[in-house]
Protein chains: 2
Amino acid sequence: MTETTITVGVDRLVADAVSAGRTWARTPRAERARVLGAVAEALDAAADRLVPLAQRETHLPEPRLSGELTRTTFQLRLLAAIVTEGGYLDARVDHADPNWPMGAPRPDLRRTAVPLGPVLVFAASNFPFAFSVAGGDTASALAAGCPVVVKAHEGHPQLSVATAEVVTAALAAAGAPAGLFALVSDPGTARAVLTHPDVKAGAFTGSIPGGRTLSDIASSRPEPIPFFGELSSVNPVFVTRSAAAARAEEIVTGFVGSFTVGAGQICTKPGVLLVPEDSDLMDRLSRAPLPEPARLLNERIAAGHGRTREELAGQPGVTVLAAGGPDQADSPAPALLTTTADHLVKEVESLFTECFGPTALVVTYRDEAQLLEIAEAIDGQLTATIVAEPTDEVVSALAEALARKAGRLLWNQWPTGVSVTYAQQHGGPYPATTAPATTSVGTAAIDRFTRPVAWQGFPDLLLPDELREVPSAPVPRRVDGQLHA
Amino acid sequence: MTETTITVGVDRLVADAVSAGRTWARTPRAERARVLGAVAEALDAAADRLVPLAQRETHLPEPRLSGELTRTTFQLRLLAAIVTEGGYLDARVDHADPNWPMGAPRPDLRRTAVPLGPVLVFAASNFPFAFSVAGGDTASALAAGCPVVVKAHEGHPQLSVATAEVVTAALAAAGAPAGLFALVSDPGTARAVLTHPDVKAGAFTGSIPGGRTLSDIASSRPEPIPFFGELSSVNPVFVTRSAAAARAEEIVTGFVGSFTVGAGQICTKPGVLLVPEDSDLMDRLSRAPLPEPARLLNERIAAGHGRTREELAGQPGVTVLAAGGPDQADSPAPALLTTTADHLVKEVESLFTECFGPTALVVTYRDEAQLLEIAEAIDGQLTATIVAEPTDEVVSALAEALARKAGRLLWNQWPTGVSVTYAQQHGGPYPATTAPATTSVGTAAIDRFTRPVAWQGFPDLLLPDELREVPSAPVPRRVDGQLHA
């Protein structure tokens, strides 16, 4: 494609999205919810076609992919329920008050959330359903009332097109405006969409180099736009002395299961396990049965994993603790490396790093105070896990320190497996994400794609429904400061 | 100051803020609210000292400054009430559910908001109390649980120091941790604070060049941080044909009062008034009595206003409609320029621009369809105003178009005067702000300075109070998806 072709194509694509978006934004919420439900139904009905395609292109096992599709359509339905309820609007009604104590009368002022406008979603490689064409970003942007352009991931091109066809047909059949959803596959086209003045937000799940580049493009536009990028996370696990003593076997089994699930290609994979040097955990970990090698998503990811593992293993003070074997091309055997907490603190940048694939680093500490030192030294994380007994002295300070670094803290559970629910927080300070106050999983994911608007002194009929004196359907609101559920 | 002195000073300043911030973050909300109330009380008690200082440095009239101080301390008290209530935490509790329909059991998951960490606030020149040292940014960051470093505005240095002294003494007397609040005046120091790795957000009210530069610094740090900048707004007013016919005199009086209040040095000043060409509004506006010249905040602002007014007046198709006179140095006479909607649409970038000071542009239109055309053509705004009758055909489409461009829409009211209340939205798409989903006025201003964290499977005693099965004080929560006020 020449650059001119791209520009003309992109202008048309975005113009269609803008036009569809206006219709979609004024579509009543219950109606938007019905359309989301229809998309979910169509995807479920296409499982027999989509799952084998996904299997062929990603080499992930069938049960995992079927489960992921179930999760993806559940997500659409949960967001539909949230849109119908309307609590995400954070609707507020302040009646005029001549005696408002700020020193000036208060006018009638009412505030709700409106859709941001066209959103560009970059699909991820490792969840071909849940973080791809019809994944959480697409679902929450559509739910919020925004049109969506998806950049397909080159790792599963046929599945992307097939999924987009299902979504497009379902939207059309349900009566959604044409142009509400589009798929592009060319990276140059995606970049042109990201810099188009009518595009109002970007969402991304992937690596630091790619994500930071796109985030920088978004923030250096003439009109900067929000960019919700999920980039990288090590997801450390802190095992206290007493937990190591009480539950060694359970910890080994849980950890090995968690760092190897999906062949370690999961953004919440526990990449670092901190254990007391004098427990028998090290011995058990060195003898733990590791799963068979599994084929990684694609050659680029396999090459990246191999390179990062080699770099880690080559650092002074790092040795191999356990390795399945032998490595095959694109199917590396799971491996555990090990080092000490002293080394980790000194070389935190090179040692505390994501190795996307079936590799993790076991770090031995002398003293639980080192756990706090490491919690202070690390960058932002999606998750941080504490494996401990409630009476352990260190846990209160450790949980407090980790809440400053991570979006989700776990207690005696493993971070892989991210529940889609109201209280989920899948985000965290940079480099976990580029927007630490947001989540890409759970019902709050919708909040990324709205902004508030206040109406002052408006006639009731010109107000959005949820701000009228009597809305057509009940909706949670804060009225004159008082929250009504 | 040498660069080394700055670095050492900044490291100490930020370290103190970090340390105080940790204590402050774990201070119970009711206690934080008590401290905010004490600061408000101290500022009120210092009015006799602060207001004359403000008057000397800003040349704003005494009643305006007294009123602004009242508004400022009210804001602290309102935020204190919000912090005590806890609704801003958006607390969510999901109990474990083995039958959760996503296809996997749901763990116990609980989510609340935690403070971002140290915030750098750049004070504004035009509201020496409400948007300065103890203004909305400082108040909402402290309320959220964050330590604050304020960059004083060079326009009112003595008032800044005096205000900071009152705040610091009140915080100390109320038992807040030392280092929670600091004032810096050197621009190089402020820039060093903005790039310090332990500083987690910036807030700013000022001009496009200054604000965009700082926003770009914040987003290009190794760890990008949110930057809440309020930069520029024209605040257009759209007068329909029927309103012009029915209420010409009221419109003229209201508009002149609004564009000249505070000598036009207000971010919500109506800078463009759109009127039908065939109404007698033009004649009335040309004869309207304009207020006496008032001295602007400082020489830089007076020079900027003079330059922008001259540039506007020099555009083809722009003429002078009305001017008080004569201009004195630093005290320009209010003036109205005029042009046509055809010109405006053609030259929207040069004509639709903020002229900070007592100047506004009256734009005549032939046809109400031009109002929609202009609404589409303009950039992001803090406010947009419709002066109309509810039965006017254009208003529904106009309000919808303007909701895409502005943070607050007004109906037959004037945009100056920004009420501090629950439903306020003082923000908008770029260049109105750099963060269109946020507000710097009203109770939602606190949301800028928190981020969500989820706790999975935690023992009750290790959870933040608002997430425990039975919190020590009632707090609004969403429990298993159900909102409880």
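**Entry 1: ground rules**

I began with contact: two residues are in contact if their C-beta atoms, placed from the backbone, lie within 7 Å. With that in hand I looked up Leu274(B), and, leaving aside its neighbours within four places in sequence, I found contacts with Pro236(B), Val237(B), Phe238(B), Val239(B), Ala341(B), Val363(B), Tyr365(B), Leu371(B) and Ile374(B).

I must remember that this is a predicted model, where local features need pLDDT of at least 70, side-chain atom pairs count only at pLDDT 80 or more, and totals for chains, interfaces and linings use all residues. Residues are numbered from 1 along each chain as its sequence is written, while chains are lettered from A and ligands numbered from 1 in the order in which they are written.

**Entry 2: cores**

Next I looked up nonpolar cores, which are sets of buried Ala, Val, Leu, Ile, Met, Phe, Trp, Tyr and Cys residues joined through C-beta atoms within 7 Å. Here a residue is buried if 20 or more other C-beta atoms lie within 10 Å of its own, exposed if 12 or fewer, and partly exposed in between, again with C-beta atoms placed from the backbone.

Which residues touch the most other members of the largest core? They are Val39(A), Val193(A) and Leu274(B), out of 154 residues. Helix α4 (residues 62–85) of chain A gives the largest share of this core, 9 residues. Another core, of 153 residues, lies apart from it and includes Leu336(A), Ala152(B), Phe204(B) and Ala444(B).

**Entry 3: two copies**

I then compared the chains, superposing the copies by least squares on the C-alpha atoms of residues with pLDDT of at least 70 in both. Chain B can be laid on chain A by a turn of 180° and a shift of 0.0 Å along the axis, with an RMSD of 0.0 Å. The two copies are therefore related as by a two-fold rotation axis. In chain B, Ala485(B) has the C-alpha nearest the axis, 2.7 Å from it.

How many residues of chain B are in contact with chain A? I noted 64, against 65 residues of chain A. By class, the side of chain B that touches chain A has 34 nonpolar residues (Ala, Val, Leu, Ile, Met, Phe, Trp, Tyr, Cys and Pro), 10 charged (Asp, Glu, Lys and Arg) and 20 polar (the others, Gly among them). The copies meet through the same surface, because 100% of the interface residues of chain B are also interface residues in chain A.

**Entry 4: sheets**

For this part, helices (H or I, at least four residues) and strands (E, at least two) are DSSP runs, numbered from the N terminus. Two strands pair if DSSP finds at least two bridges between them.

Strands β3 (residues 119–122) and β6 (residues 201–205) of chain A are joined by 4 bridges, and Val119(A) has Ala201(A) as its bridge partner.

I also found an open sheet of 12 strands with mixed pairing, in the order β10(A)-β11(A)-β12(A)-β9(A)-β8(A)-β13(A)-β14(A)-β15(B)-β2(B)-β1(B)-β16(B)-β17(B). Within it, β1(B) and β2(B) run antiparallel and are joined by 3 bridges, with Arg110(B) as the bridge partner of Val93(B).

Lastly, I checked strand β15 (residues 450–456) of chain A, which pairs with β14(B) in the parallel sense over 3 bridges. There, Gln456(A) stands opposite Leu410(B).
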